[in-house]
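Hi,

Here is the structure I said I would pass on. Have a look at it first, and then read my notes below.

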Amino acid sequence: MARILLLHSMYGLRPAVHQAADRLRAAGHEVHTPDLYDGRVVDEAEAGLEIKDEIGRDELLRRAVVAAAPLTGEGGLVYAGFSLGGSIAQNLAFADDKAGGLLLMHGTSDIAEDASTDIPVQLHVADPDTWEPVDWLNAWYLQMRKAGADVEVFRYRGAGHLFTDPDLPDYDAEAAERAWATALDFLASL
């Protein structure tokens, strides 16, 4: 089974992240959930953005690299994340030539024009999603394909941005269950 680095959203290492990790472990995967916010957890997007901005993108990426470093020696690490964590996971996966896969829940990141990868990628995103607009996602998909990734995108009509977090207003139980079933099949195939 897969070794997974699972990165939290801008809300911090919430109970939903632990629940997701437990779900993945129950399927036989080894899951690591670093806390990039040093214990801070919030319930409001504005508060999450404040923490993210206070720490800064470069420092968040550095913290994620430090968390991933001991796990990458054998290769095949699967990078995964929720929203902001997905963005960071994508950057880590592109920098790791031995990455085993990329599972993005609710978030993506820019892709360098000269990026190259052959990793399998799966994205689960609300449709529509104000944080991941359709035009952005279409361009992201084309860039992923151009980079060589084997990419699948699953859109969930009417769901909120973080639709897998049962403690947030975005939660959509049906969409969350479909996303997790699909994600577990993806991880089993790696």
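Let's start in the sheet: strand β4 (residues 101-105) and strand β5 pair in parallel over 4 bridges. Strands here are DSSP runs of E with at least two residues, helices are runs of H or I with at least four, and both are numbered from the N terminus. Two strands count as paired if DSSP finds at least two bridges between them.

Before going on, a word on where this comes from: it is a predicted model, where local features need pLDDT of at least 70 and side-chain atom pairs count only at pLDDT 80 or more, while totals for chains, interfaces and linings use all residues. Residues are numbered from 1 along each chain as its sequence is written, and side-chain values use heavy atoms, with hydrogens and water left out.

Back to β5. Leu-104 has Leu-123 in β5 as its bridge partner, and Leu-123 also stands opposite Val-153 in β6. On that side, 8 bridges join β5 to strand β6 (residues 150-157), again in parallel. How many of the 8 residues of β5 (residues 120-127) are buried? It is 7, so the strand is largely enclosed by the rest of the structure. Buried means under 20% relative accessible area, exposed is over 50%, and partly exposed is in between (1.4 Å probe, protein chains only).

Zooming out, the open sheet has 6 strands in the order β2-β1-β3-β4-β5-β6, with parallel pairing. β2 (30-32) and β6 are the edge strands, each pairing on one side only.

Now the helices. β5, helix α5 (residues 134-147) and β6 make a right-handed β-α-β unit; right-handed means that, with the strands pointing away from you, the path from the first strand over the helix to the second runs clockwise.

Helix α3 (residues 57-68) packs with helix α4 (residues 84-95) at an angle of about 65°, their axes 10 Å apart. Axes are lines fitted to C-alpha atoms, for helices over the stretch in contact, and angles run from 0 to 180 degrees between N-to-C directions. Among the residues that meet there are Leu-60 and Leu-61 in α3, and Ile-88 and Leu-92 in α4. Contact means heavy atoms within 4.5 Å.

Last, find Gly-48 in helix α2 (residues 45-55). Gly-48 is buried, with a relative accessible area of 0%. Leaving aside neighbours within four places in sequence, Gly-48 is in contact with Met-10, Tyr-37 and Val-42. Tyr-11 is 37 residues from Gly-48 in sequence, yet the two are 4.9 Å apart in space, C-alpha to C-alpha.

Cheers
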